[in-house]
Amino acid sequence: MTPSQITGEKSLYKGNYIELKLLTYRDEKLVSRTWESAMRNPPTPAVMILPLIRPDNEVVVIRQFRPPTGKYVWETPAGLIDPEETPAEAALRELAEETGFSGKLTKLLPPSFSSSGLSGEFVYMAFVEIDGREFPADRQLETHFDESENISTFRVKLPELRDFLQQQLDRGDGVDSKLLLYSEMVSHQF
């Protein structure tokens, strides 16, 4: 069987940050097909951070308004990797900018796709350990948001994460699918 492959692309719309493309590809049966796709303009990889506070057994989650959803969405810190950065450097920078926390990178997963039916964007997932003795719950943290960001930061006990996210869904907020999956895995309720 012949593997599928892209045979062409056409730009349908190019904005400041997103380009919509019509991809032409040939499938395994040698049939020519098309697929609509959204791409970052310019193509830029991203990083998603899973910050764990030890020994407190907490995870840091954020809530921010995401215009494409029309809702506030619960996520973990994330952001684009600057051209001069490694994924590890971007993870620690984004964590500090969005939450005020700093920590130690403990694991960086290989790039993966978060919405492969829509976009070719790939994301590195970074696990960061934060020393809870350095960041007690009552410590005021300094953040450095981008102009369009308005992020609220929360610490949630890992065993309570699944129920916490369900409460947010019940009140009408959205939840990032990767964080929801992680909460199910942590609670072993699948």
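## Strands S2 and S3 and their sheet

Strand S2 (residues 18-26) runs antiparallel to S3, and nine bridges join the two. Here, strands are DSSP runs of E with at least two residues, helices are runs of H or I with at least four, and both are numbered from the N terminus. Two strands pair if DSSP finds at least two bridges between them. Within this pairing, Arg26 stands opposite Ser32 in S3.

This is a predicted model, where local features need pLDDT of at least 70 and side-chain atom pairs count only at pLDDT 80 or more, while totals for chains, interfaces and linings use all residues. Residues are numbered from 1 along each chain as its sequence is written, and side-chain values use heavy atoms, leaving out hydrogens and water.

Both strands belong to an open sheet of three strands, ordered S1-S2-S3 with antiparallel pairing. At its edges are strand S1 (5-14) and strand S3 (32-40), each pairing on one side only.

## Pairings of S10

Now let's turn to another strand. Strand S10 (residues 122-131) pairs with strand S4 (residues 46-54) in the parallel sense over nine bridges, and Ala46 stands opposite Val123 in S10.

S10 also has antiparallel pairings. Four bridges join S10 to strand S8 (residues 104-108), with Phe127 in S10 as the bridge partner of Lys107. Strand S9 (residues 112-113) pairs with S10 over two bridges; there, Phe113 stands opposite Phe122.

## Helices H2 and H3

How do the axes of helix H2 and helix H3 cross? The axes of H2 (residues 161-170) and H3 (residues 177-187) come within 8 Å and cross at roughly 140°. Axes are lines fitted to C-alpha atoms, for helices over the stretch in contact, with angles from 0 to 180 degrees between N-to-C directions. H2 and H3 are therefore oblique to each other, a class for angles that are not under 35 degrees (roughly parallel), over 145 (roughly antiparallel) or 65 to 115 (roughly perpendicular).

Leu161, Arg162, Leu165 and Leu169 in H2 are in contact (heavy atoms within 4.5 Å) with residues of H3 including Leu179, Leu180 and Tyr182. After H3 comes His188, with a positive phi near 55°.

## An aromatic pair

Five aromatic pairs are found in the whole structure. One is formed by Trp74 and Phe154, which are tilted, at 4.8 Å centre to centre and 55° between the planes. Rings of Phe, Tyr and Trp (its six-membered ring) pair if their centres lie within 6.5 Å; planes under 30 degrees apart count as stacked, over 60 as edge-to-face and the rest as tilted. Trp74 lies in strand S6 (residues 71-75) and Phe154 in strand S11 (residues 152-157), so this pair ties together parts 80 residues apart in sequence.
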